[in-house]
Amino acid sequence: MDFGKLLSRTNQILLSNKFLFVLGFLAALGGGASFNYSSGNSSGGSAEDFSGMSEFWSEYAPLIIIGVILIMLLGIAFWLLSLVGQGGLIDSVNRIENGETVSLGSGFQAGMGHLLGLVGLQITMYLPLWVPAFLMGLLGAMMAFFAIDGGEDVVAGLGIVMACSAIFFLCLGLPFLFVVTILYPFAQRGVVIGKMGIVEAIRHSWAVVRDNISDVILLVLLYGIITVIYGILTFILLLPFGLIMLAMVVVPVMASGDMGFFTVVLGIIGLITLGFFGAVINSLWVTYRSTATTLAYNEFMGRVPLSEKDPFAPKMV
């Protein structure tokens, strides 16, 4: 593969079809959240601590539940919009390469048309990672509960189980995540461009990577280098906003020891603003990478052996 030609063609497409960056912004909305659980124990005040926790929960439970539900719904909405953007971006670039006229509306419509397939694909490919992550989170929540309730022995047992689960995840989960990360983009294009089912798209992605392994490795290394450089530039660009937020919110709170309503509102606005600028900057790389991957995929499809029945399926050995 001529990587210089690949990057040059990517630049040409994006400069001539700037609406792709809008789809790229939607594609960049998908993200994960991390939950940090902390546990503690006490020798004399566990009952009082648990009582205080019960009183707090009875007073604020409705607000907490509503807040959690809203956050979950917002996360699901962003996830679905992200898949719509990814599907629309893939379909639009492929149609542009085929000489068709594409618009933002047609790209978004195409993404909506492939939404169910992309949802099923992502759930299927990442489910082996989501299950242990959920179990570790559940164990963490149980540890926090038993710590409040004074069950130190139970906490110790759960801690051992959680540590073993973490080791298991690091040994098997990370290599699996690496493989899935390489296969997933090609499986997406099997669903969107090849109109394949989920299982067929996964088999297809494995065949594409297998038959073009050297170019795929070089492409992954190229993306890795660009990601590091882009990450450094993003940090430099966002650093002034972070320092302004630090000066306006964190420093006054540390100085006075009190967090008033105005400070909380200002902090929320600052976080939203910082997150928006971060998403815009990230979307530029997401758009560029997706476009280049679609072009690389189309070139791979031109050289892998094709079956007569399914022109999108590489021959399986």
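Tutor: A crossing is left-handed if the near helix is turned anticlockwise from the far one by less than a right angle, and right-handed if clockwise. Helices here are DSSP runs (H or I, at least four residues), numbered from the N terminus. This is a predicted model, in which local features need pLDDT of at least 70 and side-chain atom pairs count only at pLDDT 80 or more, while totals for chains, interfaces and linings use all residues. Residues are numbered from 1 along each chain as its sequence is written, and side-chain values use heavy atoms, with hydrogens and water left out.

Student: Which hand does the crossing of H2 and H4 have?

Tutor: H2 passes H4 in a right-handed crossing. The angle between H2 (residues 20-27) and H4 (residues 104-113) is about 30°, and their axes are 9 Å apart. Axes are lines fitted to C-alpha atoms, for helices over the stretch in contact, with angles running from 0 to 180 degrees between N-to-C directions.

Student: Which residues of H2 and H4 meet?

Tutor: From H2, Val22, Leu23 and Leu26 meet Leu104, Gly107 and Phe108 of H4. Contact means heavy atoms within 4.5 Å.

Student: A change of topic: how many salt bridges are there?

Tutor: The count comes to 4, where a salt bridge is a side-chain nitrogen of Lys or Arg within 4 Å of a carboxyl oxygen of Asp or Glu. One of them links Asp91 with Arg95, the closest N and O atoms being 3.1 Å apart. Both residues lie in helix H3 (residues 46-97), 4 residues apart, about one turn of the helix. Arg95 also forms a salt bridge with Glu100, at 3.2 Å from N to O. Another joins Asp211 and Arg210, with closest N and O atoms 2.9 Å apart. Shared partners connect Asp91, Arg95 and Glu100 into one network.

Student: Is Arg95 buried or exposed?

Tutor: Arg95 counts as buried because its relative accessibility is 19%. Buried means under 20% relative accessible area, exposed over 50%, and partly exposed in between (1.4 Å probe, protein chains only). Glu100, at 40%, is partly exposed.

Student: And Ser205, buried or exposed?

Tutor: Ser205 is buried, with a relative accessible area of 0%. This residue lies in helix H7. Leaving aside neighbours within four places in sequence, Ser205 is in contact with Leu183, Phe186 and Ala187.

Student: Finally, where is Lys195?

Tutor: Lys195 is in the loop between helix H6 (152-192) and helix H7 (198-211). Its phi is near 55°, a positive value in a residue other than glycine. Most residues other than glycine have a negative phi. Lys195 counts as exposed, at 59% relative accessibility.

Definitions and conventions:
Helix = DSSP H or I, 4+ residues; strand = E, 2+ residues; numbered from the N terminus.
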